[in-house]
Amino acid sequence: MAADMTGTGAEAAQHRVVVLALPGLLPFELGIPHRIFGRARDAGGRPLYEILTCGLDAGLVPTDADFAVAVAHGPELLATADTVVVPASYELGPVYEEGRLTPELAAALDLVRPGTRLLSICTGSYVLAAAGRLDGRRATTHWSSAAHFQRLFPAVEVDPDVLFIDDGDVLTSAGVAAGIDLCLHVVRRDHGAAVANDVARRTVVPPHRDGGQAQFVSRPLPSSAVASTAGARGRILDRLHEPVRLSELAREEAMSVRTFTRRFREEAGVSPGQWLVRQRVERARVLLETTSLGVEAVAREAGFGTAQSLRKHFHSALGVTPTAYRRTFRPA
């Protein structure tokens, strides 16, 4: 853990998140890590993260709004970070135009210790890519910049359709509010679904958004008279443990199966089957963390039916078995 720069030894025990404020930053994105990580608490109500902000120099950092942000720390703070977050900026200059870091920014990033987790929000991914941190990796950025990003950084495997990508020690998110999704994901990864869900409730945002960026790309709006599948999704969530038949859902919404499936994908960004599996995995996570139910019982309550089906889908979604997940987030 990095040496404490702000006070007590108790604070030093926290995971330190350092947010890099670059000139031209978006104030909304700058606030996301502070809001999400800052609301994460353990069972005793103690903060789980320490969140600090630095700039390329200490002092005023101009934003894309009509005010500047006063930053108390310079780049030396990056050397103390466990996680570094790079929000978007509208003044990246050669980073955005040529894919290269300025000497000042390169020197700052050189201070980041090996093994430090890196996060980008929106076009903050350009900074990580220009630093070579995304070479050979999957990454995402705002959908409107994805093609430009791919041309500028051909060594990066760009996925423009997702809200965020977790590639272990380097994580990238799509435009603006997808930074909320990414930070909630990191809290969930670090401390489990119960903590992340509590942060989401306090922030009044969904703990997990379905679909990807495709649902936010500009397209003609449907007529207000066109039926929605939102009601069906609500009913499914109320009875996740029961079998779900696409034909019945379509009939309840007075649609053909084909129309229901198409409209579901348009609204949720994924197919009904993919959406259902995600909801059941999330339900299983909560049960594994908050109850002592056996794996078979968790499988039934989450709607997977059998432990074998639960293990298959759980491992596919999270990369671990239900038992291993429980050991991590609900130790004996």
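I began by settling one term: a residue is partly exposed when its relative accessible area falls between the buried range, under 20%, and the exposed range, over 50%. With that cut-off in hand I went to A155, which is partly exposed because its relative accessible area is 43%. I also noted for myself that this is a predicted model.

**Entry 1: A155 and its surroundings**

I looked up where A155 sits and found it in the loop between α6 (146-152) and β8 (157-158). Next I asked what A155 touches, not counting residues up to four places away in sequence. My list reads L134, D135, G136 and R137. I also checked G132, which is 23 residues from A155 along the chain, and the C-alpha atoms of the two are separated by 9.0 Å.

**Entry 2: the whole protein**

I stepped back for an overview. I counted 15 helices and ten strands in the protein. Of its 332 residues, 47% are buried. The protein exposes about 15600 Å², and I noted that carbon and sulfur atoms supply 54% of that area. Then I looked at contacts between residues at least 6 apart in sequence, and 64% of these join residues at least 24 apart.

**Entry 3: strand β5**

I turned to strand β5, residues 83-86, and asked which of its residues are buried on each side. T83 and V85 are buried on one side, V84 and V86 are buried on the other, and both faces of the strand are therefore covered.

Its partners came next. Strand β1 (residues 15-21) pairs with β5 in the parallel sense over three bridges, and here V19 stands opposite V85. Strand β6 (residues 117-120) also pairs with β5 in the parallel sense, over four bridges. In that pairing I found T83 opposite R117.

I followed the chain on to C122, in the loop between β6 and α5 (125-130). I had a reason to stop there: most residues other than glycine have a negative phi. The phi of C122 is near 60°, a positive value in a residue other than glycine. Is C122 buried or exposed? It counts as buried, at 6% relative accessibility.

I picked A200 in helix α8. A200 is buried, with a relative accessible area of 1%. Leaving aside its neighbours within four places in sequence, I found A200 in contact with L184, V205, P206 and P207. I also looked at I180, 20 residues from A200 along the chain, and the C-alpha atoms of this pair are separated by 9.2 Å.

V204 was my next stop, in the loop between α8 and α9 (230-238). Its phi is near 60°, which is again a positive value in a residue other than glycine. V204 is exposed, with a relative accessible area of 72%.

**Entry 4: α8 against α12**

Helix α8 (residues 193-203) and helix α12 (residues 272-290) pack at about 115°, and their axes are 9 Å apart. That angle makes α8 roughly perpendicular to α12. On the α8 side I listed A193, A194 and N197, which meet R285, V286, E289 and T290 in α12. By class, this contact has three nonpolar, two polar and two charged residues.

**Entry 5: helix α13**

My last stop was helix α13, residues 295-302, where V295, A297, V298, A299 and A302 are buried. What covers these buried residues? The cover includes α12, α14 (307-318) and α15 (322-329).

I then looked at α14 in more detail. The axes of α13 and α14 come within 8 Å and cross at roughly 75°, so the two helices are roughly perpendicular to each other. In α13, V295, E296, V298 and A299 meet A307, L310 and R311 in α14. I sorted this contact by class and got five nonpolar, no polar and two charged residues.

One more note on where α13 ends: just after the helix, G303 takes a positive phi of about 95°.

Key: Residues numbered from 1 in each chain as written. Predicted model: local features only at pLDDT ≥ 70, side-chain atom pairs only at ≥ 80, totals over all residues. Heavy atoms only, no water. Axes fitted to C-alpha atoms, helices over the stretch in contact; angles between N-to-C directions. Parallel < 35°, antiparallel > 145°, perpendicular 65-115°, else oblique. Contact = heavy atoms within 4.5 Å. Nonpolar A, V, L, I, M, F, W, Y, C, P; charged D, E, K, R; others polar. Buried < 20%, exposed > 50% of the residue type's maximum accessible area, 1.4 Å probe, protein only. Areas by Shrake-Rupley, 256 points an atom, 1.4 Å probe, with all protein chains shown as cover. Pairing = 2+ DSSP bridges.
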